[in-house]
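Subject: Structure handover

Hello,

Here is the structure for you to look over. My notes on what turned up in it follow below.

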Amino acid sequence: CPACGSREHRLIAHVNYSRLVRCTCGLVMTNPQPVFDEYYLFSSKYTEPALRMADDLIRSMRKMMQDAGMDDGKFRQMKFLDIGCNSGLMLYQMREKYGVPNRNLYGIDTFSVAVKDARARGLNVVNRELKDLKDGSYDVVILSKTIEHFDDPAAMLKEINRVLKPNGAVVLLMVPNSESILRDDPALPSPFTAEPADHMFHFDS
């Protein structure tokens, strides 16, 4: 377990072709852990439903920032980093719909096709890893459907803290919920928020 180092866990569910286990510390993991190259090899398309979902996530993020006392003017002045941004849907909507200047929007992803699609729309998206970025560079780091794909979330959060400016913020949007009220609905393809085999970790609180 990357959180506590324990090798002890108990089975909590078989989902499709996946096993979900809970460590003694409480962390829920897919076991065995998926191999990166087997998943994630897709580029999100700029369809209306996808753009609407990106818009919903941006509204949630803005609401959190407003609750923290940030007005829209401040929102547009901040420098954002979207980790695992894929083809840049959120960055695109932030620029096109919410008026955030392109110079304040950055994204990283390790899938070259998605990066190419993002750059074709003029977005500042590069094929890099978090460790390659400079210290203290961003006001806000966005994690949208991302943290569950990293093999060591704690180490990832330390790296995020490194690249944030003083008083910067992390916005965590959408993680797989192992206690979802939808988990036992037989009409769904999976009882979790997405196919669990492509998620290394799951969260319930």
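M65 touches M70, F75, M78, F80, V140 and V171, leaving aside residues up to four places away in sequence. A contact here means heavy atoms within 4.5 Å. This is a predicted model: local features need pLDDT of at least 70, side-chain atom pairs count only at pLDDT 80 or more, and totals for chains, interfaces and linings use all residues. Residues are numbered from 1 along each chain as its sequence is written, and side-chain values use heavy atoms, with hydrogens and water left out.

**Cores**

M65 also belongs to the largest nonpolar core, which has 26 residues. Such a core is a set of buried Ala, Val, Leu, Ile, Met, Phe, Trp, Tyr and Cys residues joined through side-chain atoms within 4.5 Å. Buried means under 20% relative accessible area, exposed means over 50%, and partly exposed lies in between (1.4 Å probe, protein chains only). M61, M65, F75, F80 and M94 touch the most other members. Two or more residues each come from α1 (48-67), α3 (89-96), α4 (112-120) and β7 (138-144). The largest share, 6 residues, is from α1. There is a second, separate core of 13 residues; I83, I108, I160 and L164 are among them.

**Overall layout**

The protein chain has 5 helices and 9 strands. Helices (H or I, at least four residues) and strands (E, at least two) are DSSP runs, numbered from the N terminus. In order from that end, the elements read β-β-β-α-α-β-α-β-α-β-β-α-β-β. Of the 205 residues, 43% are buried. Among contacts with a separation of 6 or more, 67% are between residues 24 or more positions apart.

**Helix α4**

Which residues of α4 are buried? They are A114, V115 and A118. Seen down the helix axis, the buried residues fall within an arc of 100°, so they line one face of α4. (The arc is that of the directions from the helix axis to the C-beta atoms.) They pack against β6 (125-126). The face turned away from the buried side carries the exposed residues K116 and A120. Just after α4, G122 has a positive phi of about 80°.

Strand β2 (residues 18-23) has 5 of its 6 residues buried, so it is largely enclosed by the rest of the structure. It runs antiparallel to β3 (residues 28-30), and 3 bridges join the two. Two strands pair if DSSP finds at least two bridges between them. V21 stands opposite M29. The hairpin has 4 residues between its strands, and G26 in the turn takes a positive phi of about 110°.

**N104**

N104 sits in the loop between α3 and β5 (105-108). Its relative accessible area is 12%, so N104 counts as buried. A polar atom of its side chain lies 3.2 Å from the backbone oxygen of R76. N104 touches R76, Q77, M78, K79 and F80, again not counting residues up to four places away in sequence.

**Cysteines**

How many disulfides are there? The count is 0, taking a disulfide as a pair of cysteine sulfur atoms within 2.5 Å. For C4, the nearest cysteine sulfur is that of C23, 3.5 Å away. C4 is partly exposed, at 41% relative accessibility. C85 is buried, at 7%.

Best wishes

Note on methods:
Polar contact = N/O pair within 3.5 Å; in protein donor to acceptor, adjacent residues only side chain to side chain.
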